Amino acid sequence: MRLAQLDSRRPFDLSRETPLRAALIRLEDERHALLLCIHHAAFDGWSKSILVAEIQALYPAFVAG
């Protein structure tokens, strides 16, 4: 949670970086969290629903091999 809070407070410099930051955080040996920080100029509610649907479809397929 601390890492997510810190990253969410870090401003984007759109002249030097993409409007998306991602990190995979290891919580335990078999538990991870995907941290996405996305600038509002590149992401809206419609985009969120698409991203969530894609992750819900792709992650189980990846785990299954």
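Start at the largest pocket, whose lining splits into seven nonpolar, one polar and two charged residues (Ala, Val, Leu, Ile, Met, Phe, Trp, Tyr, Cys and Pro count as nonpolar, Asp, Glu, Lys and Arg as charged, and the others, Gly among them, as polar). You're looking at a predicted model, where local features need pLDDT of at least 70, side-chain atom pairs count only at pLDDT 80 or more, and totals for chains, interfaces and linings use all residues. Residues are numbered from 1 along each chain as its sequence is written, and side-chain values use heavy atoms, with hydrogens and water left out.

Select Leu-24, Glu-30, His-32, Ala-33, Leu-34, Glu-54, Ile-55, Leu-58, Tyr-59 and Phe-62 to see that lining. A pocket here is an open set of points on a 1 Å grid over the protein atoms alone, where a 1.4 Å probe fits, with protein on both sides within 12 Å along at least five of seven lines; lining residues have an atom within 4 Å of a point. The largest pocket holds about 310 Å³ of space, the volume being the space filled by probe spheres set on the points, which are joined across faces, edges and corners.

Now click Leu-34, in strand β2. Buried or exposed? Leu-34 is exposed, at 53% relative accessible area (exposed is over 50%, buried under 20%, partly exposed in between; 1.4 Å probe, protein chains only).

Last stop: the second largest pocket, with about 150 Å³ of space. Select its lining residues, including Leu-36, Phe-43, Lys-48 and Gln-56. Again α2 supplies the largest share, five residues.

Methods: Helix = DSSP H or I, 4+ residues; strand = E, 2+ residues; numbered from the N terminus.
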